[in-house]
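Reader: I would like to go through this model by question and answer. Please keep it brisk.

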Amino acid sequence: MALSEKEVLAGLAEIVAEETGLDAAEVTGPKSFTDDLDIDSLSMMTIVTLAEEKFSVRIPDEDVKNLVTVADAVAYMTKAQS
Amino acid sequence: MTTVVVTGLGATTPLGGDVASTWEAALAGRSGIRILENDWAEKYGLEVRIAGQIAVRPEEVLTRPETKRMDPSAQLAIVATREAWADAGSPEVDPERLGVAVSSGIGGVWTLLDSWDTLREKGASRVLPMTVPMLMPNSPSAYVELEMGARAGAHAPVSACASGAEAIATAYTMIQLGRADVVVAGGTEAATHPICLAAFDAMRALSRRNDDPAGASRPYDVTRDGFVMGEGSSVLILESEEHAKARGAKIYARLSGVGMTSDAHHIAAPEPNGAEQSRAMRLALESAGLAITDVVHINPHATSTVVGDMIEARAIRGLLGSHADNVLLSATKSMTGHLLGGAGAVEALFTVKALHHRKAPPTINVTQPDPELEVDLVRDVPRDLPAGDGVALSNSFGFGGHNVALAFTNA
């Protein structure tokens with residue numbers, strides 16, 4: 001059963017919070033991973049690896065660079081589930 | 001010659017989560033050895049069911065992202081570093097004059113093997129990108145470098161169970177050569193993993209005294225049957241005396257000399273006459289311009305193995321001759337277990353504390369001293385060091401024939 005965008009956001013926020021120590025509530029749609037959340041490329045790859053497992057999706061490397069904001073990632077993963 | 005002093009101390013060990021609790025437990029002769037808090041013995045058929053497990057787990061004092069990004073070996077080093085730096089007064093130091101030398105003997109064994117489990121169970125795509133930075137043996141040194149913003153070089157000399165002592169010797173050299181004014185130096189180990197217990201036990205290096213954990217580590221006792229693995233870290237802040245005095249720092253002791261030799265004998269067994277162990281101690285004294293008769297205290301390597309303990313005891317007697325009768329020996333692994341790459345740093349800490357407080361901590365569990373033992377062993381209760389200036393040696397030896405002796409003198 002595919003998760004809704006809201007559920008994916010909640011799950012992704014949990015992963016980001018664990019990885020960075022940020023409050024999950026700060027992980028909102030318009031935030032940029034690099035500029036707003038200060039996530040470096042190694043942390044981004046960790047988040048992607050954990051998200052792939054959590055949402056049972058595969059995110060090719062060439063798509064990761066397009067995931068600029070949290071909303072981009074949520075939309076991508078919600079769609080990729082189906 | 002630049003004089004090197006100790007201005008800060010930090011530790012997290014099987015005896016306590018900081019220096020104060022570790023030292024208090026050591027003076028009280030308490031053992032940090034306990035039955036393993038897991039099912040490894042049943043699951044893997046391990047013959048060894050005891051270890052010196054860390055008294056305060058790092059996840060109790062570090063944040064969740066910190067524990068996720070660091071192997072336990074680096075976590076313990078960071079805990080010890082923060083305490084040591086605060087103890088030194090958190091001085092303002094030019095980053096280009098601040099160095100690091102922090103070693104582990106085994107490295108990120110938990111990270112490596114957890115990642116191997118992930119690979120086998122879930123496939124390569126699930127192996128996390130932080131795996132390499134966490135498992136590399138210089139990881140604790142690198143994380144301390146990042147924590148401190150240190151730019152004078154960060155080193156991680158690896159020499160098995162002499163690693164922590166060699167890191168302190170490296171830091172001494174950095175200050176002596178003028179490469180740094182302050183160096184964060186120590187050792188760390190978090191290798192209480194079933195593979196390490198099984199592998200050391202395969203060498204018959206570990207005690208199997210599972211029915212008496214607190215009595216299992218018994219250096220120099222006739223019934224000793226191997227070492228007990230311990231985990232933990234200690235970090236010392238070493239500083240040029242000039243730099244320390246200019247900022248009015250409290251000075252615990254001087255690191256007056258170091259001696260390092262290698263056996264060229266066997267990959268694991270120490271050379272039976274202890275000739276190079278003895279020479280390491282002699283070089284440490286000579287490099288400090290000190291005489292054998294200046295020695296008042298030794299914290300020996302003494303791990304509680306059948307062969308190793310007496311080789312070192314003979315090396316000490318051979319070097320000191322009849323003066324050995326005047327030297328108080330404290331085999332503190334009887335309480336902490338053997339912290340492998342962390343051992344040299346924890347014992348350097350004990351040696352500095354002994355000089356500072358004029359008190360030699362006890363060796364516990366020695367009910368029948370080896371009849372060949374010709375040294376003055378401090379047993380069960382601490383004893384006072386003689387008044388006045390004196391030298392205290394801390395010995396560390398590692399598989400591969402690495403011998404390191406550190407010579408501390410009172411400030």
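Reader: How much area do chain B and chain A bury between them?
Author: This is a predicted model. Carbon and sulfur atoms carry 52% of the area buried between chain B and chain A. The total is about 1100 Å².

Reader: Which residues of chain B lose the most area to chain A?
Author: Three residues stand out on that side. Together they give 42% of what chain B buries. They are Arg69(B), Arg126(B) and Pro129(B).

Reader: How many residues does each chain bring to the contact?
Author: Both chains take part. Chain B gives twelve residues, and chain A gives 14 residues.

Reader: How many salt bridges are counted between chain B and chain A?
Author: One pair shows the geometry: Glu18(A) bridges to Lys68(B), with the closest N and O atoms 3.6 Å apart. That distance passes because the cut-off is 4 Å. The count between the two chains is six.

Reader: Which helix gives the largest share of the side of chain B that touches chain A?
Author: By class, that side has six nonpolar, one polar and five charged residues. The largest share is four residues. They come from helix α3(B), residues 64-69.

Reader: Which strands are the edges of the eleven-stranded sheet in chain B?
Author: The sheet is open, with mixed pairing. Its order is β5-β4-β6-β7-β1-β8-β15-β14-β9-β10-β12. An edge strand here pairs on one side only. The edges are β5(B) (154-155) and β12(B) (376-377).

Reader: At what angle does helix α14(B) run to β14(B)?
Author: Helix α14(B) covers residues 343-357. It lies across several strands of chain B, including β1, β8 and β15. Its angle to β14(B) is about 170 degrees.

Technical notes: Residues numbered from 1 in each chain as written. Chains lettered and ligands numbered in written order. Predicted model: local features only at pLDDT ≥ 70, side-chain atom pairs only at ≥ 80, totals over all residues. Heavy atoms only, no water. Contact = heavy atoms within 4.5 Å. Buried area = accessible area lost by both parts, 1.4 Å probe. Salt bridge = Lys/Arg side-chain N within 4 Å of Asp/Glu carboxyl O. Helix = DSSP H or I, 4+ residues; strand = E, 2+ residues; numbered from the N terminus. Nonpolar A, V, L, I, M, F, W, Y, C, P; charged D, E, K, R; others polar. Pairing = 2+ DSSP bridges. Axes fitted to C-alpha atoms, helices over the stretch in contact; angles between N-to-C directions.
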